[in-house]
Amino acid sequence: MEYKTLPGVYDILPFDSKEPWRSSSLWQFLESLIRETAAQYGYQEIRTPILEKTELFHRGVGETTDIVSKEMYTFIDRGDRSVTLRPEGTAAVLRAFLENHLQQQGSIHKLYYIAPMFRYDRPQLGRYRQHHQFGVEAIGQEAAEQDVECIDLLYTLYSRLGLQNLQVQINSLGTPSCRVAFRTALTSFLMNKKNELSADSQTRLETNPLRILDSKDPKDQQLLIGAPILSDFFDQESRDHFHDVLKLLNQLQIPYLINQHLVRGLDYYNKTVFEITSSELGAQNSLGGGGRYDGLMKTLGGPDLPCFGFGSGIERILQTLIRQKSSFPSAPRPAISLIPIGEQAKNACFSLLHQLRQNEISSTMEFGNRKLGKAMQSANQAGVRWVVVMGDEELKSQRLELKEMASGSITPVNQSDLIPFIKNSLNI
Ligand code: HAM
């Protein structure tokens, strides 16, 4: 039997020439930039378990969402509990916030995570059953500055990565009360055309009519012409908040497009929602998105705290960078490889290897008994800068020849001078 990964999941490898976005050095590069940027904005890391009680997502994400109704990895564990592999981070972070009484440690909490998420969707380029998200959740602040700080954080991260052809799409869903009135108006407008709507939208007309607005079906979009507009139903609070958000985006010179049909696929949003898309990606063009979710903490049994957050797919960020042919720092390579010839040299090299590493010099050694040519070849493949071959003669004289692979130049050094020489060359 040949073992393979399940559909829609993948390995991240030290090096992958066919799918470079799966190279671990790229992931490390992106993750460290994320951590650096999040810290600059005052966000601290939170890590929650991959498994949660299923009920959390039913309450937190919404029964009628695609995620909960079709995409969750849910099973009964050996203790007869229904558990679910986390499909998104927000509900889990709020659960952790409440369970660990974080509200006792100040009134504003700025949290971020880099974590795998699981959704049983049809796999395609940019859509996986296990994907990874960089997400932030800002808890406790209702001011528009909070919305724009988060959008700015994500936009800054993308800009620092050199992502091009980005579009920030923004909308406001208003407060829950004005949305109720809009929902009634939209439903009655679409009721007459019900039979012409796509099958998905027909179901949504009963369960979640707002989602029809962002239907990808061209016929649905046609039928929406002349439909009521959400912003016409705004109360003063919704109008003021959205106005402030747009003003602050202008102030920071973050370009945006108002998309009245942007509703997002999760039930918890109110007021601001946003998405950043890239024309470099195909159908799955959303690099990241989020919004305000002021009622969710209360729904989960906690205090009534306002919140704003976003999630951004790591895979999609890396794939966009690769498509743009951006350049990245290459994977770190060992500085030096030691190739012993004979048993005695092997012992001496093994001690020298240890000393090199104690001096923070990344190094490798040929452990087997391969011929010199083969050992040289694999040192070359590993991308080392120097090679030292040690045989009986070098052992006796304590003189080594340091060969630089790229230039082929050879530098003779006393063994005792080897480490200072390398440290000096590498500036460490
Ligand atoms: P979401 O829009 O479902 O939001 O996911 C956020 C991002 O994760 C997407 O924009 C996309 O880049 C990536 N993503 C989602 N599903 C997949 C998939 N199957 N394969 C690859 N990438 C994917 C949320 O999850 C919310 N929790 C975001 C949020 C945080 N809102 C407030 N706080």
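I take strands here to be DSSP runs of E with at least two residues, numbered from the N terminus. I note at the outset that the model is predicted.

**Entry 1: the shell around the ligand**

I looked up which strand gives the most residues to the shell around the ligand, and found strand 10, with 5 residues. The shell holds 24 residues, and I recorded E88, R119, E137, R264 and Y269 as those that come nearest.

**Entry 2: polar atoms facing the ligand**

I returned to R119 and found one of its polar side-chain atoms 2.9 Å from an oxygen atom of the ligand. For Y268, I noted a polar side-chain atom at 3.0 Å from a ligand nitrogen atom. For R316, an N or O atom of the side chain is 3.5 Å from a nitrogen atom of the ligand.

I next asked how much of the ligand the protein covers. On its own the ligand has 660 Å² of accessible area, and the protein covers 95% of it. I also listed the elements that give two or more residues to the shell: strand 6 (130-139), strand 10 (286-292) and strand 11 (307-313).

**Entry 3: a pair of helices**

I recorded that two packed helices are described by the angle and the distance between their axes. For helix 1 (residues 24-40) and helix 11 (residues 314-323), the axes come within 11 Å and cross at roughly 110 degrees. Helix 1 is therefore roughly perpendicular to helix 11, since angles of 65 to 115 degrees count as such. Lastly, I noted that the crossing of helix 1 and helix 11 is right-handed.

How values were computed: Residues are numbered from 1 along each chain as its sequence is written. This is a predicted model: local features need pLDDT of at least 70, side-chain atom pairs count only at pLDDT 80 or more; totals for chains, interfaces and linings use all residues. Side-chain values use heavy atoms; hydrogens and water are left out. A residue is near a molecule or strand if one of its heavy atoms lies within 4 Å of it. A polar contact is a pair of N or O atoms within 3.5 Å; within protein, one must be able to donate a hydrogen and the other to accept it, and residues adjacent in sequence count only if both atoms are side-chain atoms. Accessible areas come from the Shrake-Rupley method with a 1.4 Å probe; for residues, only the protein chains shown count as cover. Helices (H or I, at least four residues) and strands (E, at least two) are DSSP runs, numbered from the N terminus. Axes are lines fitted to C-alpha atoms, for helices over the stretch in contact, and angles run from 0 to 180 degrees between N-to-C directions. Angles under 35 degrees count as roughly parallel, over 145 as roughly antiparallel, 65 to 115 as roughly perpendicular and the rest as oblique. A crossing is left-handed if the near helix is turned anticlockwise from the far one by less than a right angle, and right-handed if clockwise.
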